[in-house]
Amino acid sequence: MKKSFIVILIALTLLAGLVSACKSAPPAVSPDPAPATSTPSPTPTSTPTLAPCDHDWIEASCDNSEICSKCGATGAPALEHKWNEANYQMSAFCLLCFKDEGDPLTPGFVEHGMKADKKPATAYPYVTIGFDQPEKTIGEVTLKEVSVTDSFKDNAALDGYEFLSANFVVTFSDSVAQSNGARWTYSNLDFYTFDPAAAIVYYSDLKDSEIPGFTVGSKPINYYGIDWDIHISFDANSAWSGNSLNLTLNYTFMVPVDYDGVIITFTNSALILDKDNLKTGDLLDDDSLFFRLRG
Ligand SMILES: [Zn+2]
Ligand SMILES: [Zn+2]
């Protein structure tokens, strides 16, 4: 009886142990599958697949390379400037983009420190010499009028040209002029191409122009980088009026339209008296008068 009791007791204990073991064992279930969103993956919009750009190219310029106006892609590189040389009227500039650089060429008159500052309608003292004796005489020169016309004595100006006329009056009335007369020397110079080392060419040595009464200057003028012949005509008349010796001088030039480089100079005849092979600079001294007809 007692033995039987023990057995039961053991049995009860074992059962209890079994129950306990069942409670502490891991649940006999299969693991859940990982959710699709548990592993981060790139968002679809960051890896596009687009059709290639049908480029709309904006041409290259001196400042920018060729560029597509739609996508900003760049093509041909920027151009190199194509410089046009400076001339007396314009600084150097790029023929492609019109950027300019530097200054126009320095006019010869400026380069040599000369001033053509005499104005119309003003009498300026003119130092020269008597005709019979090389004594100093002082007269007066006045630029009466400057005019511009398309025709001259029934002749139309050539294409691109116009006529530029100037009328001067020169008078002498001092005692030297009254007893010896007077010599005068006038010439035309060019403001831009002026060169004191250039040989003097006399009007009588110039060749005839196709405009009647005109001769072609010995050296072309340069206007906007292009050489132009200058055509020259003048007539001079002198006469005594009482005690006054009067010279009227009418100059007409056929020049490129708006050309402003013509200068008339009156100089002392003593500077050229009995001299040969003169240079332009030999004609000029501090008393020389320079009238720039425009500008
Ligand atoms: Zn594009
Ligand atoms: Zn350029």
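The model is predicted, and its chain carries three helices and 19 strands. Buried residues account for 22% of the 295 residues in the chain.

**Overall make-up**
- Take the contacts in the chain with a separation of 6 or more: 53% of them join residues 24 or more positions apart.

**The largest nonpolar core**
- The largest nonpolar core holds 44 residues, and the members that touch the most others are Phe 253, Met 254, Val 255, Val 262, Ile 263, Ile 264 and Phe 291.
- At least two core residues come from each of these elements: strands E7 (136-149), E10 (161-172), E11 (185-190), E14 (221-223), E17 (244-256), E18 (262-267) and E19 (289-292), along with helix H3 (175-180).
- Strand E10 gives the largest share of this core, with seven residues.
- Val 255 is worth a look in the viewer: leaving aside residues up to four places away in sequence, Val 255 touches Tyr 161, Glu 162, Leu 164, Ile 230 and Val 262.

**A three-stranded sheet**
- Strands E3, E4 and E5 form an open sheet in that order, and their pairing is antiparallel.
- At the edges sit strand E3 (83-84) and strand E5 (100-101), each of which pairs on one side only.
- Two bridges link strand E4 (residues 92-94) to E5 in the antiparallel sense.

Notes: Residues numbered from 1 in each chain as written. Chains lettered and ligands numbered in written order. Predicted model: local features only at pLDDT ≥ 70, side-chain atom pairs only at ≥ 80, totals over all residues. Core = buried A, V, L, I, M, F, W, Y, C linked by C-beta atoms within 7 Å. Buried ≥ 20, exposed ≤ 12 C-beta atoms within 10 Å, placed from the backbone. Helix = DSSP H or I, 4+ residues; strand = E, 2+ residues; numbered from the N terminus. Contact = placed C-beta atoms within 7 Å. Pairing = 2+ DSSP bridges.
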